[in-house]
Amino acid sequence: AMGRRKGAMATAALVLVTNFLFNSSFAVLGAILPDVAADLGVTESTAAWSVLLPMLVAAGLQPATGMFADMFGRKKVWLFGYAINVVSALICGTSRSFAWLCAGRLLQGAGASLDMPTGVAMMMEAYGRDNRGMVLAAFTASNTAGSSAGLIVGGLLAERFGWRSLFLLPLPPVVVLLAIAVCVLRESGGGMSWKKALAVFDWAGLLLLVLACLGMLIGVNNLASAPLLSVRVLLPVALSVPLSAALGWVELRNEREGATCILRPSLFTKETALALLGNCFRMATYLGLFTVIPLMLRDYYGLHAGKAAALLTVRPFVYGICSILSGKLVQTFPAAQMPLIAISTWMSIVDKFLLLLMAYTAGDSLKTALLQILLVVQGSANGLADTAVKTLVVQSTPPEFTANMQGVLNMSSIVSYLNGINIAVALADSQQQGLGEHTAKPYITAAWVFLALYMVNVALVTFLFITDGGPLGGPRRKERRYINMVRLPTIPEEDEEEGGQRESGSESE
């Protein structure tokens, strides 16, 4: 038991510290885009692709890479992902043209798609099912702590050593950590050879998933330069609908035939499907406000991007703290999970109205106190909801599919991030709307739109709370683990840590 505990702590330390180091350096990249654009001789809107490209790659690939890691071995995939990250960081940190920077960032997205779902899955297996909430909270906290550190310290480093240092400075400690990981980490999941894993891989599902995600993202992205009802917006979004339907049909057929599935239909109960859908609207509005507020500070109040970013550091910090608090509450009081999701969801309505108040009362001077209250409410409510929702989704996921489901969660979050950012830019761009540079009207419009989108999440969560987590359904929650699963072996409660890996290996053979 002592050896297993030390192994779990070593796994958590290696996964969380490497994740923190990369996030702390890259989180500030969006805030220093003007420096990148000026240095490489491109416009700021063109330079923004260096931020978007890795997210696009990671969004479409994570369910697939998670599934591959579950079959082939999570440790091997995690190490390979970080090896790619090291190479891509070297390319970005030594790039002398925008094309090379984009190539490095594309490669970085591929590396992230390999390491993100597998790192969380390794921690979950090391700590066991009962600690899944705390594992998810710890990983979220490492992300947000890295983002906060990046916004505070990264800007200073970029100013002193140049923006390329953000890619190069984390490399020495990461290389050392990877060398330790090779010797210390236990293999997690797996059992198949890489040739067999590739042979049975769900290639059709991957192609349909990537095309469906790209269609939606391209259509929403075109909102910044085309009207809502234009062909450029509607056609890509419309094409994503039959592609999504085809994906669903392929995955249902694959599961009936016992083949591999990127999106395994039996993993998605009514509760997990509603929770994921609501979470997409929550994350889109969260990132929408995350984008609108800096635009307002920069374009309306004339604040420098670095100073605007510094004002926002409280939000990721509070988000991380509340994620950990949420994980502890869910672990200690399992019955509080659904009420916690509902309360935090209703709580976040407040920050949408605070943004409306901030936009309607915008004047010559920034109301800093109102802004900080908005950020604290938004960070705390979304931090509490984040861990509780993710725990709800993964608690019915068998250990042999953990990385795959984590990839699905990450994909839905990233797609929501990008949609929220694109909608915010389209709505809050004062020049696009032809209103001049000093008007709050675009931000008022954006605040109302994001409030309306968020109310969809509120409706879904409220319905789920009443029918499943509230007085009409609460007592059934504990009985829903692993139901609705097909052709899966029973996992004894006392042998879960070793059993998940043993069963995965035997099933592969």
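**Exercise 1. Find the handedness of the crossing of helix 15 and helix 18, then describe the contact.**

Step 1. The model is predicted, and in it helix 15 and helix 18 cross in a right-handed sense.
Step 2. Locate the pair: helix 15 covers residues 314-332 and helix 18 covers residues 368-394. They pack at an angle of about 35°. Their axes are 7 Å apart.
Step 3. Sort the contact residues of helix 15 with helix 18: 10 are nonpolar, 11 polar and 2 charged.

**Exercise 2. Describe the second largest pocket: how much space lies in it, and which residues are closest to its centre?**

Step 1. Take the volume. The second largest pocket holds about 1200 Å³ of space.
Step 2. Go to the centre. The pocket is lined by 36 residues, and Met-216, Leu-277, Cys-280, Val-415 and Asn-419 lie closest to the centre.
Step 3. Assign the lining to helices. At least two residues each come from helix 11 (203-221), helix 12 (231-256), helix 13 (270-299), helix 19 (402-428) and helix 20 (441-469). Helix 19 gives the largest share, 9 residues.
Step 4. Class the lining: 27 nonpolar, 8 polar and 1 charged.

**Exercise 3. Compare the reach of helix 17 with the expected value, then list its buried residues.**

Step 1. Helix 17 spans residues 349-360, 12 residues in total.
Step 2. From first C-alpha to last, helix 17 reaches 17 Å. At 1.5 Å a residue, 16 Å is expected, so the two values are close.
Step 3. Apply the cut-off for buried, under 20% relative accessible area. In helix 17, Ile-349, Asp-351, Lys-352, Leu-354, Leu-355, Leu-356, Met-358 and Ala-359 are buried.

How values were computed:
Residues are numbered from 1 along each chain as its sequence is written. This is a predicted model: local features need pLDDT of at least 70, side-chain atom pairs count only at pLDDT 80 or more; totals for chains, interfaces and linings use all residues. Side-chain values use heavy atoms; hydrogens and water are left out. Axes are lines fitted to C-alpha atoms, for helices over the stretch in contact, and angles run from 0 to 180 degrees between N-to-C directions. Helices (H or I, at least four residues) and strands (E, at least two) are DSSP runs, numbered from the N terminus. A crossing is left-handed if the near helix is turned anticlockwise from the far one by less than a right angle, and right-handed if clockwise. Ala, Val, Leu, Ile, Met, Phe, Trp, Tyr, Cys and Pro count as nonpolar, Asp, Glu, Lys and Arg as charged, and the others, Gly among them, as polar. On a 1 Å grid over the protein atoms alone, a cavity is a set of points where a 1.4 Å probe fits but cannot get out, and a pocket is an open set with protein on both sides within 12 Å along at least five of seven lines; lining residues have an atom within 4 Å of a point. Grid points are joined across faces, edges and corners, and a volume is the space filled by probe spheres set on the points. Buried means under 20% relative accessible area, exposed over 50%, partly exposed in between (1.4 Å probe, protein chains only).
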